[in-house]
Amino acid sequence: MNPYLFINMAMTLDGKVARPDGKWYGLNSMSDKKRMDIIRSKADALIVGKSSILNDDPEIRIRYVEHSKNPRPVILLQTSSLPQNRKIFSSYPLIFCTEANVGLIEKELKSVAEIYCLSDERILKPEIVLE
């Protein structure tokens, strides 16, 4: 059975995904928050970008859909690592990295994440991770 990939993204009416200061201040209306949670409640995993983790420090949990399981965060890291003190690490995310940064990531994040190394020849893209 092939996996399904849902893409969901929130943006302003003028097409921006962050404010001028680079921060995302979340969804404003309760109906938007509930709709986002309905979509997320159907997912097994949620790919979270490095910039989102660094700038927004998101917590991945379903708040507005009863009896649903939180999707597991997935992080794709081609270079460097992330600070261990981010909220996302309370969910024990999956991290896909390269041979170039696996040593650093294992050293810094082994106790808070499940880590998989892909060969350097492969670019870390969602479609490769889903193979």
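User: What share of the 131 residues of the protein chain counts as buried, and what makes a residue buried?

Analyst: It comes to 27% of the 131 residues. Buried means under 20% relative accessible area, exposed means over 50%, and partly exposed is in between, taken with a 1.4 Å probe and protein chains only. Bear in mind that this is a predicted model, where local features need pLDDT of at least 70, side-chain atom pairs count only at pLDDT 80 or more, and totals for chains, interfaces and linings use all residues. Residues are numbered from 1 along each chain as its sequence is written, and side-chain values use heavy atoms, with hydrogens and water left out.

User: What is Phe 96 called, buried or exposed, and why?

Analyst: Phe 96 has 12% relative accessibility, so it counts as buried. Tyr 116, at 38%, counts as partly exposed.

User: How do you know whether the rings of Phe 96 and Tyr 116 are stacked or edge-to-face?

Analyst: Rings of Phe, Tyr and Trp (its six-membered ring) pair if their centres lie within 6.5 Å; planes under 30 degrees apart count as stacked, over 60 as edge-to-face and the rest as tilted. By that rule there is 1 aromatic pair. The centres of Phe 96 and Tyr 116 are 5.6 Å apart and the planes sit at 20°, so this pair is stacked. Since Phe 96 is in strand 3 and Tyr 116 in strand 4, the pair ties together parts 20 residues apart in sequence.

User: What puts the buried residues of helix 3 on the same side?

Analyst: In helix 3 (residues 102-109), the buried ones are Val 102, Ile 105 and Leu 109. They cover an arc of only 65° around the axis, so they share a side of helix 3; the arc is that of the directions from the helix axis to the C-beta atoms. The buried residues of helix 3 pack against strand 2 (72-77), strand 3 (94-98) and strand 4 (114-118).

User: Why does Val 17 get called partly exposed, and which residues form a nonpolar patch with it?

Analyst: Val 17 has a relative accessible area of 41%, so it falls in the in-between class. Val 17 forms a nonpolar surface patch with Met 9 and Met 11, together about 300 Å² of accessible area. As for its place in the chain, Val 17 lies in the segment before helix 1 (30-41).

User: How many helices and strands does the protein chain have, and in what order?

Analyst: It has 4 helices and 4 strands, running α-β-α-β-β-α-β-α from the N terminus on. Helices (H or I, at least four residues) and strands (E, at least two) are DSSP runs, numbered from the N terminus.

Key: Patch = residues over 30% accessible without salt bridge, like charges linked within 9 Å, V, L, I, M, F, W, Y side chains within 5 Å. Areas by Shrake-Rupley, 256 points an atom, 1.4 Å probe, with all protein chains shown as cover. Salt bridge = Lys/Arg side-chain N within 4 Å of Asp/Glu carboxyl O. Contact = heavy atoms within 4.5 Å.
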